[in-house]
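User: I am new to reading protein models and would like to go through one slowly. Could you take my questions one at a time?

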Amino acid sequence: MKLAVLSRSARGAFGKVLPKMRVLWAMLLAVVLLSGCVQYDAGVRFENPNRGEIVQHIKLGEQLTALSSEQAQEWLDSLQRRARQLQGKTKRISNQEVVVTIPFASGAELEEKFNQFFNPPAKKGSQAATDTDLPKINSHLSLRQGNFLFWIRNHLSYDLDLRSLGVLSTNGNVIVSPGSLFDLDFSLRTPWGARSVEKAENALNPVISEKGHLLVWTLKPGEVNHVEAVFWLPSPLGIGTLAIILLVVAGFYLKYNRGKGSGVSSAPPSVPQVP
């Protein structure tokens, strides 16, 4: 009788522990199999104040596509649809890799297209059920510009909340770090270079290369990320105004010199003397 009681209690305890062990082993297996399964590089390239591109390079690991090929392809297809809606284009390198390029012609258009891509409007009807969205994250980019006659000062700020990518327990603790599943970068390329601003909370420190023309921030999955930078661009309006002023001054100068050189002498003619 005692043996029977002990056997039942042991079975009960083992029955409570077994589901937890299964969850733990499943998460450990996912970390091993899907290590570095998503590589996502997002960046902003400025050629001048009126021309630039939003470039995104997405590469899925072979392990992920092997385990969930259909869902992975639907996700990449959703990226292509969003790019087309924003007058962008995509280059499908392979079944696991795609490059998205979205042009912009001003700072305001950069803000609108970047934020719309990562925070698309909610879909209605059956399309919401069939379309696969990007992971639900809070993303917001802002660009403040100030005109200083011949130069434009640009202040870029990007906030990205990636806490939703973490695998959390019931009490809110991180069980599996998403850093082992995601490799995320954000880059900024400018013609005159840029400098990072790291005063705000959660501000990241970038890797600077190409003599300051390229800044790359490594984002931290599972955390709140803040990216901030200041850079200068030439002002087409100010430079055009200066060119017009120089042309007008040069015209007046040439006209004045030409009139001065072709003037007739006002000295009286000499009178011959009569002997």
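Predicted model: local features only at pLDDT ≥ 70, side-chain atom pairs only at ≥ 80, totals over all residues.

User: How many helices and strands does the protein chain have, and how many of its strands make up the open sheet?
Analyst: The secondary structure of the protein chain consists of 6 helices and 13 strands. The open sheet has mixed pairing and runs in the order S3-S4-S2-S1-S9-S12-S11, with strand S3 (89-92) and strand S11 (207-209) at its edges, each pairing on one side only. The number of strands in this open sheet is 7.

User: In which sense do strand S9 and strand S12 pair, parallel or antiparallel?
Analyst: In general, strands of a sheet pair through backbone hydrogen bonds, and they can do so in either of two senses, parallel or antiparallel. Strand S9 (residues 182-189) and strand S12 (residues 214-218) are joined over 5 bridges, and Leu188 stands opposite Leu215 in S12. The sense in which S9 and S12 pair is antiparallel.

User: Which helix packs on the sheet and touches S1, S2, S4 and S9?
Analyst: Helix H3 (residues 69-85) packs on the sheet, where it touches strand S1 (38-48), strand S2 (51-60), S3 and strand S4 (97-104). The helix that touches S1, S2, S4 and S9 covers residues 107-118, and its direction makes about 145 degrees with that of S4. That helix is H4.

User: Is Gln56 buried or exposed?
Analyst: Gln56 is found in strand S2, and among the residues in contact with it, leaving aside neighbours within four places in sequence, are Val98, Ile102 and Phe117. Its side chain also makes a polar contact with the side chain of Tyr40 at 2.5 Å. Because buried means under 20% relative accessible area and Gln56 has 0% relative accessibility, Gln56 counts as buried.

User: Which residue's backbone nitrogen does the side chain of Glu109 reach?
Analyst: Glu109 is found in helix H4 and, at 23% relative accessibility, counts as partly exposed. Not counting residues up to four places away in sequence, Glu109 touches Pro103 and Phe104. The backbone nitrogen that its side chain reaches, at 2.8 Å, belongs to Ala105.

Notes. Residues numbered from 1 in each chain as written. Heavy atoms only, no water. Helix = DSSP H or I, 4+ residues; strand = E, 2+ residues; numbered from the N terminus. Pairing = 2+ DSSP bridges. Contact = heavy atoms within 4.5 Å. Axes fitted to C-alpha atoms, helices over the stretch in contact; angles between N-to-C directions. Buried < 20%, exposed > 50% of the residue type's maximum accessible area, 1.4 Å probe, protein only. Polar contact = N/O pair within 3.5 Å; in protein donor to acceptor, adjacent residues only side chain to side chain.
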